[in-house]
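Hello,

Here is the structure I promised to pass on to you. Have a look first, and then read on for what turned up in it.

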Amino acid sequence: MNKRIPALALCLSLLLSGCVSLNGSTYTVVEPHVEQPVLGEDSSTVKASTYSELVNGVLFFVTQGMETGIIQLTDYNGDVEEDLNRACLEVAKDDPLGAYAVDFIKNDYTTILTTYEATITISYKRTLDQISSLVNITGTSAIREETVQALSSFKTELALRVGYFTGDADTVKEQVRQAYYDTPAAALGMPECTVTLYPETGTQRIVEILLDYPQESTALKRQSQELMEQAETILSPIRYQIETRRLDLLMEALPGAVKVSAQGGSTAWDALVGKGANHEGLALAFQLLCDGLGLESDIVEGTFQGEPRFFNRVVRNGAAVWVDLSRSTGQTYTAAQMAEMGYQWEGQEA
């Protein structure tokens, strides 16, 4: 399927704060709901009188990263042994945080008159830093925005607590793929992506994304810096021109700025710094430059005469025009001209 991919950022060091997305819009963050249990004499002891309070107590220990905790059960009407086993299993297997972080949970209890005192022992498969680094978001689409941050700094691991999750691991992988094209300054080779969901079902999930890049992060950061510097060299004479002239001036500068090679690399670095880039690398390079000038633009993934092709859409004076640097480094086309030449893309008018 052909896809249009919005591009977002020029600057590698761009960071998100609060609930603001990279394009300036906002999205809601869902915090996991764990009722504060009634504490005993210290934070390692909680009190419970119902099964739901018992589950909540075990989950409280997990959220705190505690290896041992005490639950005092008073006026408890259920089967204590059965409910303890069930509560520990529910937290370890069905709760997103438990499924992600917990290896196993053991319990033991003693009876003191009418009160039961249960000792909960928790073994973790995640570090406390991993647990505390979980990012809370709402909706599967927000995964893409968070992945932009991870890719921009070449992180190898990202764990998201997602409320109202829909889709599956393939859905997440597609979000990662889209995020790659949102970050042309850091798109220096598509990383291999491994996605694991905790638990396997449900609308509240923890999504773990592991990224394996084609090069070491130090090399990628160096390449990204070289790319940014070269982009700045191209853009500095244009940036302070009047807005309506920027695209035309950029198109005039491109023939001497980009290197075209049908068998070249697929990154903006190849196009602007290296020995030459194919259509994918050229589209990323053009998007990077448009971002730097504040031009409204997209990377478009479509086909040319039936073959996969990356190209760009950019807005000039309120109207969209199309650019394919692998065809011409200094020319723009209308949608009709693109269609006549044999281009197709999603959302293309008939």
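Let me start with arginine 309, which sits in strand β13, the stretch covering residues 307–316. Please keep in mind throughout that this is a predicted model. Arginine 309 has a relative accessible area of 16%, so this residue counts as buried, the cut-off being under 20%. What does its side chain make a polar contact with? The partner is the side chain of aspartate 324, at 3.0 Å. Aspartate 324 is also among the residues that arginine 309 touches once those up to four places away in sequence are set aside; the others are His279, Val300, Glu301, Gly302, Thr303, Phe304, Ser326 and Tyr343.

How many salt bridges does the structure hold? There are eight. Another of them joins aspartate 182 to arginine 144, and there the closest N and O atoms are 2.8 Å apart. Aspartate 182 is in helix α6 and arginine 144 in helix α5, so parts 38 residues apart in sequence are tied together by this pair. Are these two residues buried or exposed? Both aspartate 182 and arginine 144 are buried.

You will also find a salt bridge between the side chains of glutamate 232 and arginine 239, at 2.8 Å from N to O. In this pair glutamate 232 is partly exposed, at a relative accessible area of 37%, whereas arginine 239 counts as buried, at 18% relative accessibility.

**A buried arginine without a salt bridge**

Arginine 205 is buried yet has no salt bridge, and the nearest side chain of opposite charge, that of glutamate 200, is 7.5 Å away. A salt bridge would need a side-chain nitrogen within 4 Å of a carboxyl oxygen. The backbone of glutamate 200 is another matter: its oxygen lies 2.6 Å from a polar atom of the arginine 205 side chain. Leaving aside neighbours within four places in sequence, arginine 205 is in contact with several residues, including Pro96, Leu160, Arg161, Val162, Phe165 and Tyr198.

**The sheet that holds β10**

Strand β10 is part of an open sheet of four strands, in the order β7-β8-β10-β9 and with mixed pairing. At the edges stand β7 (135–138) and β9 (192–198), each with a single partner strand, so one side of each has no neighbour in the sheet. From one strand to the next, the twist averages 30 degrees.

Strand β8 (residues 157–163) pairs with β10 in the antiparallel sense over six bridges. One of the positions to look at is leucine 158, whose bridge partner in β10 is isoleucine 209. Helix α6 (residues 169–182) packs on the sheet and touches β9 and β10, and its direction makes about 135 degrees with that of β9. Helix α5 (residues 142–152) lies across β7, β8 and β10, running at about 160 degrees to β8.

**Strands β4, β5 and β6**

Strand β6 (residues 115–124) pairs with β4 (residues 68–74) in the antiparallel sense over seven bridges. Here isoleucine 71 stands opposite alanine 118 in β6. Strand β5 (residues 102–112) also runs antiparallel to β6, and ten bridges join them. Phenylalanine 104 has serine 123 in β6 as its bridge partner. The hairpin of β5 and β6 has two residues between the strands, and leucine 113 takes a positive phi near 55 degrees there.

**The chain as a whole**

Finally, some totals. The protein chain has eleven helices and 15 strands. Of its 350 residues, 49% are buried. Among contacts between residues at least 6 apart in sequence, 60% join residues at least 24 apart.

Best wishes

Conventions:
Residues are numbered from 1 along each chain as its sequence is written. This is a predicted model: local features need pLDDT of at least 70, side-chain atom pairs count only at pLDDT 80 or more; totals for chains, interfaces and linings use all residues. Side-chain values use heavy atoms; hydrogens and water are left out. Buried means under 20% relative accessible area, exposed over 50%, partly exposed in between (1.4 Å probe, protein chains only). Lys and Arg count as positive and Asp and Glu as negative; His and the chain ends are not counted. A polar contact is a pair of N or O atoms within 3.5 Å; within protein, one must be able to donate a hydrogen and the other to accept it, and residues adjacent in sequence count only if both atoms are side-chain atoms. Contact means heavy atoms within 4.5 Å. Two strands pair if DSSP finds at least two bridges between them. Axes are lines fitted to C-alpha atoms, for helices over the stretch in contact, and angles run from 0 to 180 degrees between N-to-C directions.
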